[in-house]
Amino acid sequence: MNVVQARQNTVKLPTVKLSRESVVRAALALLDDVGLDGLTLRALAERLHVQASALYWHVRNRQELVDQMAAAMIRDGLGDLATAGAWMDQLADIARGFRQTLLSHRDGARVLAEARTADPAMSRLTELSLRNLTAAGFSPQDAMRALVSVLSYVAGFVADEQSPRPVAHTPDPVLFPLLTAAGGDYYTPETFEYGLELLLGGLRLARLTSR
């Protein structure tokens with residue numbers, strides 16, 4: 001093969017102008033297609049039609065990419081969330097907004113769980129939430145515990161929602177009458193609201209008894 005033929009057979013990737021934002025948005029789209037386990041820098045480079053080395057100008061490694069994806073999800077879902085009003089209403093709004101944020105992308109709960117850095121948007125929301133809770137009578141420590149409890153409940157619930165379901169089977173009604181009576185899939189919005197109501201009710205009682 002001569003030099004001319006070699007040049008003709010060389011596959012040239014089109015020139016693509018990248019930015020950190022475009023890389024992160026492409027990564028979120030890839031996440032929706034292949035899930036977190038399939039998210040690699042090589043796969044992302046192929047999606048963007050660039051060499052993998054081009055990505056290192058914008059993210060140092062996969063962990064930093066996941067951090068930036070989590071930050072983008074938080075900004076998109078919670079960046080403009082209102083923080084005024086009664087503390088229980090605000091916590092409920094945060095919980096619902098956080099759930100929708102995690103559900104907005106495949107494996108969203110896992111992305112947030114694997115992230116190692118906090119985005120300023122989340123820090124701002126946390127500070128405003130703590131201000132609202134302390135104004136309602138919580139100590140700063142208890143306010144933080146309340147917020148963490150709510151967010152942890154949401155993250156755990158969504159992680160189960162997004163996990164593969166075991167093969168369903170019908171229980172023997174003689175051996176398991178209560179299980180049979182309960183029946184059905186309980187990873188539903190109704191179950192989420194039920195658990196959230198229990199959690200907020202417990203926090204309300206804790207606030208009243210601590211005074």
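**Close-up views of a predicted model**

View 1. In an unreviewed UniProt entry, the feature "DNA-binding region" is placed at residues 40-59. UniProt positions follow the numbering used here, feature names are shortened, and annotations may be inferred rather than shown by experiment. The structure is a predicted model, in which local features need pLDDT of at least 70, side-chain atom pairs count only at pLDDT 80 or more, and totals for chains, interfaces and linings use all residues. Residues are numbered from 1 along each chain as its sequence is written, and side-chain values use heavy atoms, with hydrogens and water left out. Residues 40-59 are 40% helix and 0% strand, with end C-alpha atoms 12 Å apart. Helices (H or I, at least four residues) and strands (E, at least two) are DSSP runs, numbered from the N terminus.

**View 2. The annotated HTH tetR-type domain.** The unreviewed UniProt entry also carries the annotation "domain: HTH tetR-type", which covers residues 17-77. This span is 64% helix and 0% strand, and its end C-alpha atoms lie 27 Å apart.

View 3. Helix 3 comprises residues 41-48, and its buried residues are Leu41, Leu44, Ala45 and Leu48. These buried residues fall within an arc of 100° when seen down the helix axis, so they line one face of helix 3. The arc is that of the directions from the helix axis to the C-beta atoms. An α-helix has 3.6 residues a turn, so residues three or four places apart point the same way. Arg42 and Glu46, on the other side of helix 3, are exposed. Buried means under 20% relative accessible area, exposed over 50%, and partly exposed in between (1.4 Å probe, protein chains only). The cover over the buried residues includes helix 2 (20-34) and helix 4 (62-78), where contact means heavy atoms within 4.5 Å. After helix 3 comes His49, with a positive phi near 60°.

**View 4. The interface of domain 1 and domain 2.** The chain is divided into domain 1 (16-60) and domain 2 (80-210), with bounds from an automatic or database domain assignment. Eight residues of domain 1 are in contact with seven residues of domain 2. About 650 Å² is buried between the two domains, 53% of it from carbon and sulfur atoms. Buried area is the accessible area (1.4 Å probe) that two parts lose on being put together, summed over both. Leu31, Asp32 and Leu36 lose the most area on the domain 1 side, together 65% of what that side buries.
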